[in-house]
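Please keep the sequence and the structure open while you read.

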Amino acid sequence: MLDQFKSWINDKLAGPAEHHDLAHLPAPRAPGNQHLDNLRFIVLDLETTGLNPAKDKVIAIGAVAIDRMAIPLSDQFDLILRRPELDIRETVLIHGIGPEALTRGHETRDALLRLLEWMNGDPVLAFHSAFDRKFLEKALRQQLNYTQTHTWLDVAELMPAFFPQALDGNKRLDNWADHFGLEISARHHAAADALATAELSLIAFREARKQGVVTLEDLHQRLKYHQRLKTMRQM
């Protein structure tokens, strides 16, 4: 099923690069009174050549949308970038993206333009979002000279903010997925990880609504409150 979606997305995104215009991209949306039930979120996962954003590079982008509290499977983004010059020997066994895939991938600048158009300025969710944010913002800055800041929310913080008693010990993506009975079809495949993160996000959003968190600003403030509590407990 995942391969079928990937093929469909690649066909959909195969238009000519000149149709993509950096000057007319929508501005990122700041947190406000937007109702969660009416919002579209981008759930993003990146595959990279390593863990250090100062020297490592993005090689694949997987993302799904949450649109009005549902995950439309036709609204996805899944591309491997054309980066045959990169050394992937240390990470190929993790993400499975080899030299041939990087040779046949999408041109990096065009892929990033397509991503920004598809994101449409919507808020971004990611599991351990600081990692994806640093890598993506660096790539956008270097490839497109794009410096606008999107709203990012960390699903690794979102889950314990609304389910503080749910897990003991490790709280990785796999642990949360197992706790809620979710299946990740291909771990360390960007699109599959993004889909699992989106499913967890929906679970958190439904619990948020029960707790009176109904707008993007409410959600933003709840995450800030959770982070303050966590900092205080660590003191």
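The points below cover confidence, the sheet, the helices across it, the salt bridges and one proline.

This is a predicted model. The chain averages a pLDDT of 88, and 89% of the residues score at least 70.

**Confidence**
- Mean confidence is highest in β4, at 98, and lowest in α1, at 48.
- The pLDDT is below 50 over residues 4-9; this stretch has nine contacts in the model beyond near neighbours in sequence.
- Residues 11-18 also stay under 50, and the model has nine contacts for them beyond four places in sequence.

- β1 and β2 (residues 58-67) run antiparallel and are joined by nine bridges.
- V43 stands opposite V64 in β2.

**Helices across the sheet**

**Salt bridges**
- R40 forms a salt bridge with D75, with the closest N and O atoms 3.1 Å apart.
- D75 is in the loop between β2 and β3 and R40 is in strand β1, so this pair ties together parts 35 residues apart in sequence.
- R40 also forms a salt bridge with D122, at 2.7 Å between the closest N and O atoms.
- That pair links strand β1 to the loop between α4 (108-119) and β4, 82 residues apart.
- D75 and R40 are buried, and D122 is buried as well.
- E137 and R133 meet in a salt bridge at 3.0 Å, N to O.
- Both lie in helix α5 (residues 129-144), four residues apart, about one turn of the helix.
- E137 counts as partly exposed at 25% relative accessibility, and R133 does at 28%.
- Salt bridges with shared partners join R29, R40, D75 and D122 into one network.

**P31**
- P31 sits in the loop between α1 (2-12) and β1 (40-48).
- Its relative accessibility is 28%, so P31 counts as partly exposed.
- Beyond its neighbours within four places in sequence, P31 contacts T151, L216, E217 and H220.
- The C-alpha atoms of P31 and D218 are separated by 8.7 Å, although the two residues are 187 apart along the chain.

Technical notes
Residues are numbered from 1 along each chain as its sequence is written. This is a predicted model: local features need pLDDT of at least 70, side-chain atom pairs count only at pLDDT 80 or more; totals for chains, interfaces and linings use all residues. Side-chain values use heavy atoms; hydrogens and water are left out. Helices (H or I, at least four residues) and strands (E, at least two) are DSSP runs, numbered from the N terminus. Buried means under 20% relative accessible area, exposed over 50%, partly exposed in between (1.4 Å probe, protein chains only). Contact means heavy atoms within 4.5 Å. Two strands pair if DSSP finds at least two bridges between them. pLDDT is the predictor's confidence in each residue, from 0 to 100. A salt bridge is a side-chain nitrogen of Lys or Arg within 4 Å of a carboxyl oxygen of Asp or Glu.
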